[in-house]
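Here are some notes on the ligand site and the pocket around it. Please read them with the structure open.

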Amino acid sequence: MPSALPISLEKLEEIAQKYGTPFHLYDEKIIKNRAQKLKNAFKKTNGFRQYFAVKGNPNPQILKIFSAEGFGMDTSSIAELELCKRIGISGENIMFSSNGTSILDFQKAYELGAIINIDDISLIDILREAVPKFPELICFRINPGNLKKGNEIIGNPIEAKFGITMDQILPAYRKAQELGAKRFGIHTMTGSNMLDEQYFPETAILLSNIALQLQKELGITVEFINIGGGFGIPYRPNDHDLDIEKIGSDIEKVLHTTFGENPPKLFTESGRWPIGPAGWLVTRVNNKKEIYKKYAVMDACMADLMRPGMYGAYHHITVPGKENENTEKIDVVGSLCENNDKFAIDRELPKLERGDLLVIHDTGAHGRAMCFNYNGKLRTQEVLLQEDGTTRLIRRKETLEDYFATLLF
Ligand SMILES: *Cc1c(COP(=O)(O)O)cnc(C)c1O
């Protein structure tokens, strides 16, 4: 089931009056509950650590909530590293999993003491050139090719641009060893928004076997295996909740069976699962349009939530206060001059009129994070519903001045 909005229509209307629409709303209590649920699911696995994938929701106030719950941060750009630095997160509390990594990227990650996760063999020399001393702790991102299936969001591993091949594993780790690396991790990230519990212990088996091979061939004791993110959430009414307790205990069994009493630590870097269901995009109907089809044209558009337009992603939509009214089939669209600017197509919704508040569900991850400026759209604001029931603006909306700030007249 999509995540229900935890407040009444009156409260929602009050927030909408206060900040204006549209806005992304997040619920602090839900965020904390999910963080704790994730930690609990893996509490029996050795040295478990979750690194929040910052790209899912790069707001410092959100990152602080996760950090207080003991999460590290998974980053892949200089800006994401800087974000961590500015809220006091550094060292091995950061994973740096970038691809196409530049000298400057590596330097920034090194400066902060982040765990560097290398995406390709060709990047080893770039890293060596970037830093005064080759890092002691190194991780490689592995692309298992045919050994794993992906999905439409991330692509099939064999066609995905990420990671090193199975054949490149030994040469990569050997080279890192020669350059002075002494501590090692293994990483992979193949599937996104997976609702199949089995997928994750399979990943753990794959990485465990690689760890055994590294031990045997190179004498490396792998310190951690990082199974990446990819935990799915129920965007559709018929989707089930991912059973992460089962995933946790199945992975614990895999590690125990393979390594006995002294397994490598287990890391995850989930982005969508902890925050996706804790966010909603709230928007008002600007006008109702009836031509060959019926349209509700919202004051939000694809620039505020790209997922439906970009990969046909489903987001549930509700109209608070109109739950019991007659429905009709309608397209819910924005004001961008692009015809894929549609939040929903032929969706059965209560009869809408100008001024109605619509709630687009499960936008906490890859929602505001993917906002863009095309067509001169100003990126939207974020509001946090705090545990005590009060709200706080945690990112203001962009202004025309922001938009013009980079233009040279
Ligand atoms: C995007 C990403 C994640 C997070 O994926 P989710 O599907 O949001 O859990 C984790 N690791 C890497 C390297 C990523 O690029």
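1. By class, the shell around the ligand holds two nonpolar, six polar and five charged residues. Ala, Val, Leu, Ile, Met, Phe, Trp, Tyr, Cys and Pro count as nonpolar, Asp, Glu, Lys and Arg as charged, and the others, Gly among them, as polar.

2. This is a predicted model: local features need pLDDT of at least 70, side-chain atom pairs count only at pLDDT 80 or more, and totals for chains, interfaces and linings use all residues. Residues are numbered from 1 along each chain as its sequence is written, and side-chain values use heavy atoms, with hydrogens and water left out.

3. The ligand is surrounded by 13 residues, each with a heavy atom within 4 Å of it. Lys-55, Gly-230, Glu-269, Gly-271 and Arg-272 are the closest.

4. Check the polar contacts (pairs of N or O atoms within 3.5 Å). The side chain of Glu-269 places an N or O atom 2.6 Å from a ligand nitrogen. Gly-230 uses a backbone N or O atom, 2.8 Å from a ligand oxygen. For Ser-192, a side-chain N or O atom is 3.3 Å from a ligand oxygen. The protein buries 89% of the 380 Å² that the ligand exposes when taken alone (Shrake-Rupley method, 1.4 Å probe).

5. The ligand sits in the largest pocket, with more than half of its atoms within 2 Å of the grid points. By class, the pocket lining has 12 nonpolar, 13 polar and seven charged residues. A pocket here is an open set of points on a 1 Å grid over the protein atoms alone, where a 1.4 Å probe fits, with protein on both sides within 12 Å along at least five of seven lines; lining residues have an atom within 4 Å of a point.

Conventions: A polar contact is a pair of N or O atoms within 3.5 Å; within protein, one must be able to donate a hydrogen and the other to accept it, and residues adjacent in sequence count only if both atoms are side-chain atoms.
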